[in-house]
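Hi,

Here is the model I said I would pass on. Have a look at it first, and then read on for what turned up.

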Amino acid sequence: MIRGAVFVVTLAVLPLLGLPHWVLNMLVFVLMFAALASAWNLVGGLTGYPSLGHAAFFGIGAYAFALLLHRQTEITDGWQPFAWLPAIGVGTALIGVPIAAIAMRTRADVFAIVTITLLFVVQTLAFNLHGLTGGAQGLSFPVAPFPADTFERPFYYVLLGLLVLAMLLTFGTLRSKVGLALATVRGDEDKARGLGIPVGGAKVLAFAVSVGLTAMVGAVWAYYQVGIIYPQFAVDPLVTIAMVLMVFLGGRGTLWGPVLGAFVLETGQQYLAYELGASQFYLIAYAMIFLLIMLFLPRGVLPSLAGRLR
Amino acid sequence: MSDLLRVDGLRKSYGGVTAVDDCSLAVAEGTVTALIGPNGSGKTTLFDLITGYRKPDAGRVFFAGQDVTGRGPGRLYRAGLSRTFQQARVFPQLTVVENMVAAAGHRWWRQLATPRVSAADRARTEALLAEFDLTGDADRIAAELSYGRRKLLEFAAVLMSTPRLVLLDEPAAGVNPVLVERMEQHVRSRHAAGVTFLIVEHDLSFVMRLCDPVIVLDAGRPISQGDPSAVRADPRVLDAYLGG
Ligand SMILES: Nc1ncnc2c1ncn2[C@@H]1O[C@H](COP(=O)(O)OP(=O)(O)O)[C@@H](O)[C@H]1O
Ligand SMILES: [Mg+2]
């Protein structure tokens, strides 16, 4: 609890220290991925079902947000569009319920295939439903009317709020019978079902909450894209890969692991991009990191450290 | 004495292999009934069919007078029909206490928001943990226990739901002799407390000491049953074990 408070307060004062824009921009993305990784962890970490489709829900949130503002000519109060977030989150969670009910009937490996298929279906729709998404031309909406010298701040704080929300949900889950039920699913699902544990319901609940959070982050990302989103970035498999990698690096099923993973990987990537210019170099770096984790830290940094200390 | 469990004409095939074949038998309430038979005679499959882990191809299962054929294992568990597995299935990454609480047969949907292991949960596990000599391991991860102690834990855990009938699949296999004796004591004390048992076991001295009646299964159906000495003297049983 104290650790959590120190963490949040530290992050809350960072933007007030007059950091350069590129650093603040980097921190926005770090928070974004920390929230995304925490959301993914609710399914991939706690239940052990490796979703490869979360970027689809990120995209659904992004397009929902852009569509809600699309017809407006201007935004008078920049904060006001954020009021859509709860509705986008709940709506996407509800979409997640039937999807989870079907996809999670399968085993973990089939689930991975089903969810990645979903990702490509949503990506195809984003490119081809011209009437709705504008296709490859992108979908435009009014630019957020925030002053240029503190433009990052509102996004930063809203993403910090979403990260805190995701972490509180994770904390509450781990500490409650939901967490126990999910842990039995991860351990031995058939046995859990035989003990009368509502494994189906627990899995669907975790998935729905997870994709709801993911969609809200997607909406904030869209708003941050100053007035237009494109399908290749809104529904981007790399977003899924980053979420998975961060959770695996930090430690599956832990509260702080996904946050740690996001801070390490996203700062690394943004820094490299800033130093070396935009390049696809980090894709190779991602693959290398994944191999190294699997070889040396199969459970992730935090559980391995905890294992050493005990 | 009335039958707590009755199965009638049960059949289950896996591809070409008929594991359980037109099997009818009954377990009277208040007994410690043994189910023995050579490897591959269908004992575990019969357990799977009775407890709802697998659906029979034909036949019916009656528990406490009700037709429960086709019911899922979770419902049967909450109704008082529980089992252990031949391979000691516990949740390896959960602690001993968490394993016990997970098996407590809660009304989960009402309890979802309660603590993972509440003070009341812990209190409920205390007597059983003490009885099974697991108190010192209460907060250890189940994976750290020896195989024999994991079997004890699995047994203790299914008792959390106050079952009426417990099916034990080879409780003594792979367990050191001291723990085998403890396992036997636990069955006796729970039996004295009113629990009915159906036990699959290859250790025949364990069976002969503890169980009555004994049912012998061969090729998926009962070939003999009665008190231990009668079964031991039955030539059909010798044939099944020796004739291969
Ligand atoms: N899941 C399965 N798939 C295919 N065959 C199986 C399966 N489970 C059991 N069998 C077969 O069914 C028969 C009975 O097995 P089982 O019930 O495990 O016997 P027992 O417990 O008496 O040793 C065996 O021939 C076994 O090979
Ligand atoms: Mg067997």
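Where the two chains meet, 28 residues of chain B are in contact with 24 residues of chain A. Keep in mind that this is a predicted model. How big is that interface? The size of an interface is often given as the accessible area lost when the parts come together. Here chain B and chain A bury about 2,200 Å² between them, and 66% of that is on carbon and sulfur atoms. On the chain B side, three residues stand out: B:Phe91, B:Trp108 and B:Arg116 supply 34% of the area that chain B buries against chain A, more than any other three residues.

Now to chain A by itself. Its secondary structure comes to 14 helices and 2 strands. With 310 residues, chain A has a radius of gyration of 19 Å, close to the 19 Å from the globule rule, so it is as compact as a globular protein of that length.

Of its 310 residues, 52% count as buried. Among its contacts with a separation of 6 or more, 84% are between residues 24 or more positions apart. The chain exposes about 13,300 Å², with carbon and sulfur atoms supplying 71% of it. As for charge, chain A carries 15 positive and 11 negative side chains, and the centres of the two sets lie 17 Å apart.

Is A:Thr170 buried or exposed? With a relative accessible area of 1%, A:Thr170 is under the 20% cut-off, so it counts as buried. Leaving aside neighbours within four places in sequence, A:Thr170 is in contact with A:Ser38, A:Asn41, A:Leu42, A:Thr254 and A:Leu255.

A:Leu162 lies in helix α7 too. It is also buried, at 7% relative accessibility. Which residues does A:Leu162 touch, not counting those up to four places away in sequence? They are A:Ala35, A:Met216, A:Val217 and A:Val220. Take A:Met216 from that list: A:Leu162 and A:Met216 are 54 residues apart in sequence, yet their C-alpha atoms are 7.9 Å apart in space.

How values were computed. Residues numbered from 1 in each chain as written. Chains lettered and ligands numbered in written order. Predicted model: local features only at pLDDT ≥ 70, side-chain atom pairs only at ≥ 80, totals over all residues. Heavy atoms only, no water. Helix = DSSP H or I, 4+ residues; strand = E, 2+ residues; numbered from the N terminus. Rg over C-alpha atoms; globule rule 2.2 N^0.38 Å. Buried < 20%, exposed > 50% of the residue type's maximum accessible area, 1.4 Å probe, protein only. Contact = heavy atoms within 4.5 Å. Areas by Shrake-Rupley, 256 points an atom, 1.4 Å probe, with all protein chains shown as cover. Lys, Arg positive; Asp, Glu negative; His and termini not counted. Charge placed at Lys NZ, Arg CZ, Asp CG, Glu CD. Buried area = accessible area lost by both parts, 1.4 Å probe.
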